[in-house]
Amino acid sequence: LVAPTAGLVVKVNVTVGSTVNQGDSIFTLQSMKMEIALQAEGAGKVTRILVKQGDEVYIGQSVAEIET
């Protein structure tokens with residue numbers, strides 16, 4: 001899963017081992033005073049979380065790995 005925009009991670013909604021479905025909110029980013037939900041692109045299991053709340057991310061940065 002990659003960040004679609006640069007911003008600040010304001011919320012991490014999953015933990016390693018979480019099962020997610022397509023469209024589930026994985027992270028919430030704040031960019032230009034707007035909150036943007038990063039959603040799972042498909043169903044799977046979260047195997048790694050690469051950022052934490054308070055981290056700044058850039059466009060295209062890997063933020064989590066989801067095994068399908």
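**A friendly look around Phe 27 and beyond**

Me: Leaving aside its neighbours within four places in sequence, which residues is Phe 27 in contact with?
Reply: Let's start with a reminder that this is a predicted model. Setting aside residues within four places in sequence, you can find contacts of Phe 27 with Leu 1, Val 9, Lys 11, Val 12 and Asn 13, among others.

Me: Which residues of the largest nonpolar core touch the most other members?
Reply: In soluble globular proteins, nonpolar side chains tend to be buried together. Here the largest nonpolar core has 14 residues. Those that touch the most other members are Phe 27, Val 57 and Val 63.

Me: Which strand gives the largest share of this core?
Reply: The largest nonpolar core is the one with 14 residues, Phe 27 among them. Its largest share is 3 residues, and they come from residues 25–31, which form strand E3.

Me: Is Val 57 buried or exposed?
Reply: Val 57 sits in strand E6, residues 56–57. Beyond four places in sequence, Val 57 touches Ala 3, Thr 5, Ala 6, Gly 7, Val 9, Leu 29, Val 51 and Val 63. The cut-off for buried is under 20% relative accessible area. Val 57 has 5%, so this residue counts as buried.

Me: How many Å apart are Val 57 and Ser 31 in space, C-alpha to C-alpha?
Reply: Ser 31 belongs to strand E3, while Val 57 is in strand E6. In sequence, 26 residues separate the two, and in space their C-alpha atoms are separated by 10.0 Å.

Me: Which residue meets Glu 65 in a salt bridge?
Reply: The count of salt bridges here is 2. In the one with Glu 65, N and O are 3.3 Å apart, and the partner side chain is that of Arg 48.

Me: Which strands hold Glu 65 and Arg 48?
Reply: Both residues are partly exposed: Glu 65 has a relative accessible area of 34%, and Arg 48 is at 43%. The pair links distant parts of the chain, 17 residues apart. Glu 65 is in residues 64–67 and Arg 48 in residues 44–49, that is, in strands E7 and E5.

Me: Which residue meets Lys 52 in a salt bridge?
Reply: Lys 52 is exposed, with a relative accessible area of 53%. Its side chain takes part in a salt bridge of 3.1 Å, N to O, and the partner is Asp 55.

Me: What is the phi of Lys 33?
Reply: Most residues other than glycine have a negative phi. Met 32, in the loop between E3 and strand E4, has instead a positive phi near 55°. Lys 33 lies in the loop between E3 and E4 and is exposed, at 83% relative accessible area. Lys 33 is not a glycine either, yet its phi is positive, at about 65°.

Me: Which residue's backbone oxygen does the side chain of Ser 18 reach?
Reply: Ser 18 is in the loop between strands E1 and E2, and counts as buried at 19% relative accessibility. At 2.8 Å, its side chain reaches the backbone oxygen of Thr 15.

Definitions and conventions: Residues numbered from 1 in each chain as written. Predicted model: local features only at pLDDT ≥ 70, side-chain atom pairs only at ≥ 80, totals over all residues. Heavy atoms only, no water. Core = buried A, V, L, I, M, F, W, Y, C linked by side-chain atoms within 4.5 Å. Buried < 20%, exposed > 50% of the residue type's maximum accessible area, 1.4 Å probe, protein only. Helix = DSSP H or I, 4+ residues; strand = E, 2+ residues; numbered from the N terminus. Contact = heavy atoms within 4.5 Å. Salt bridge = Lys/Arg side-chain N within 4 Å of Asp/Glu carboxyl O. Polar contact = N/O pair within 3.5 Å; in protein donor to acceptor, adjacent residues only side chain to side chain.
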